[in-house]
Amino acid sequence: MRQIAWLVTFLMFVGCGKKRPEGILSESEMVSVMSELYTAEEKIRNLSVSLDSAQHVFKLMHVKIQEKTGIPDSVFRKSLAYYTDHPSKFQKIYAVLIDSLTLYQLRTNLTPPETPEAAPAETPDETPPEKP
């Protein structure tokens, strides 16, 4: 019985200590590539072009993203499959991705706050005071 307990303990440490396989992107690399892809999709969505044109533009942008990141599509797809099979790791990636995209959106959509220069207009219910 004691040997079984040692075996189970050993297997737990070995199983928990698994590192990602070779050829799989790190979590931060996945966030970076996925952020680029989502940003590209959003830019294309804002172009107001037909679906066929949008797909063509996305393919071109995808190639540019691969060149920019230096990560081949095959490595990205293999990594995506790996993280899909490991939901807890994928959940961490998406949490960071959402934060990154939210921050990007805040930085790119900043507009200076409006400052009122004139006094507020009178409301129709108010009547001006009578002059003596």
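How many residues apart are K64 and E67 in helix α3? I started there. The two are 3 residues apart in helix α3 (residues 51–69), so about one helical turn separates them. Helices here are DSSP runs of H or I of at least four residues, and strands are E runs of at least two, numbered from the N terminus.

**Ground rules**

I am reading a predicted model, in which local features need pLDDT of at least 70, side-chain atom pairs count only at pLDDT 80 or more, and totals for chains, interfaces and linings use all residues. Residues are numbered from 1 along each chain as its sequence is written, and side-chain values use heavy atoms, with hydrogens and water left out.

**Entry: salt bridges**

I looked up salt bridges, meaning a side-chain nitrogen of Lys or Arg within 4 Å of a carboxyl oxygen of Asp or Glu. The search of the whole structure gave 4. Side chains of opposite charge can pair when their charged atoms come close.

I noted K64 and E67 among them, with N to O at 4.0 Å. Both residues are exposed. Exposed means over 50% relative accessible area, buried under 20%, and partly exposed in between (1.4 Å probe, protein chains only).

Next I took E42 and R45, which form a salt bridge at 2.8 Å, N to O. They sit 3 residues apart in helix α2 (residues 27–45), so about one helical turn lies between them. E42 is partly exposed at 36% relative accessible area. R45 is exposed at 56%.

Then I checked R77 and D73, whose side chains meet at 2.6 Å, N to O, in a salt bridge. These two are 4 residues apart in helix α4 (residues 73–84), again about one helical turn. R77 is exposed, with a relative accessible area of 56%. D73 counts as partly exposed at 22%.

**Entry: pockets**

I turned to open spaces. On a 1 Å grid over the protein atoms alone, a pocket is an open set of points with protein on both sides within 12 Å along at least five of seven lines; a cavity is a set where a 1.4 Å probe fits but cannot get out; lining residues have an atom within 4 Å of a point. Points are joined across faces, edges and corners, and a volume is the space filled by probe spheres set on them.

The largest pocket has a volume of about 290 Å³. Two or more of its lining residues come from each of α2 and α5 (87–108). α2 gives the most, with 6 residues. I found E42 and R45 again in this lining, which also includes Y38, Y104 and N109. By class it has 3 nonpolar, 5 polar and 4 charged residues. Ala, Val, Leu, Ile, Met, Phe, Trp, Tyr, Cys and Pro count as nonpolar, Asp, Glu, Lys and Arg as charged, and the others, Gly among them, as polar.

Which residues lie nearest the centre of the second largest pocket? They are E36, T39, A40, K43 and K68, out of 13 lining residues. The volume of this second largest pocket is about 210 Å³. α2 gives the most to its lining, with 5 residues.

**Entry: the cavity**

I found 1 cavity of 30 Å³ or more. The largest cavity has a volume of about 50 Å³. Its lining includes V33, L37, H62, I65 and F76. α3 gives the most to that lining, with 4 residues.
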